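Please keep the sequence and the model side by side while reading.

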Amino acid sequence: MKHYSYLYLFTLSIAALLVIFGFIIWRSGIYTETFLNDATSKNFILVTLGLSICLSLYAFHRGVIKTGKRIDYLKFFMGTFIVLMAVAVIPLMTVAYYLPGKTSAYAAGYTYSPRGHKSCAGANVDDPDLGRNIKICYPEGNYQFDKVIFVSKKTNALGSVILFAMTTP
């Protein structure tokens, strides 16, 4: 296929749109329902840090950075770290979402959290397994009044996935 043909342009356009659409679906579905535990988060940061150090050393060895300044090496290292964190979180959260686990349920008190600029409206709940406060987006029922919420979730080695959440009237 020629790189200057309409078929090539059409194929690249459709592929880019599918990637963007897939990211939007992932963000609204998997990302809002999956919560990683502390050990997984710490190991994820350490692995991406190690990979960015390896990539920076490889780039240094190959002479990718033409200037000899230390600040340019630091910028390259931080850039690779940020890009790796943003890219690697997608497969990690997807694996945590689809990994089988033990199903459990609990009832707890919650506080209403209104919709923000980059977040959804929902309920802030103290999760006993994760040991921290999580935000459940759009639970069933009238969640604008602080009462009790019933949460059903799946817990696996990487974290927890909220299966169902409903507030009591």
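Start at I149, which touches Y106, A107, A108, Y110, A123, V125, I136, P139, A165, M166 and T167, leaving aside residues up to four places away in sequence. The model is a predicted one.

I149 also belongs to the largest nonpolar core, a set of 15 residues. Within this core, V125, I134, I136, I149, V151 and I162 touch the most other members. Two or more core residues come from each of β2, β3 (122-127), β4, β5 and β6. Strand β2 supplies the largest share, three residues. There is also a second, separate core of eight residues, and F44, M93, A96 and L158 are among them.

How are the strands arranged? Six of them make up an open sheet, ordered β1-β6-β5-β2-β3-β4, with antiparallel pairing. At the edges are β1 (34-36) and β4 (132-137), each of which pairs on one side only. On average, neighbouring strands of the sheet are turned by 40 degrees against each other, direction ignored.

One of these pairings joins β2 (residues 102-113) to β5 (residues 148-155) through eight bridges, the two strands running antiparallel. In this pairing, T103 stands opposite K154 in β5.

Helices complete the picture. Helix α3 (residues 70-98) packs on the sheet and touches β1, β5 and β6. The direction of α3 makes about 110 degrees with that of β1. Helix α1 (residues 6-33) lies across β1, β4 and β6 (159-167), and runs at about 50 degrees to β1.

Notes
Residues numbered from 1 in each chain as written. Predicted model: local features only at pLDDT ≥ 70, side-chain atom pairs only at ≥ 80, totals over all residues. Heavy atoms only, no water. Pairing = 2+ DSSP bridges. Helix = DSSP H or I, 4+ residues; strand = E, 2+ residues; numbered from the N terminus. Axes fitted to C-alpha atoms, helices over the stretch in contact; angles between N-to-C directions. Contact = heavy atoms within 4.5 Å. Core = buried A, V, L, I, M, F, W, Y, C linked by side-chain atoms within 4.5 Å. Buried < 20%, exposed > 50% of the residue type's maximum accessible area, 1.4 Å probe, protein only.
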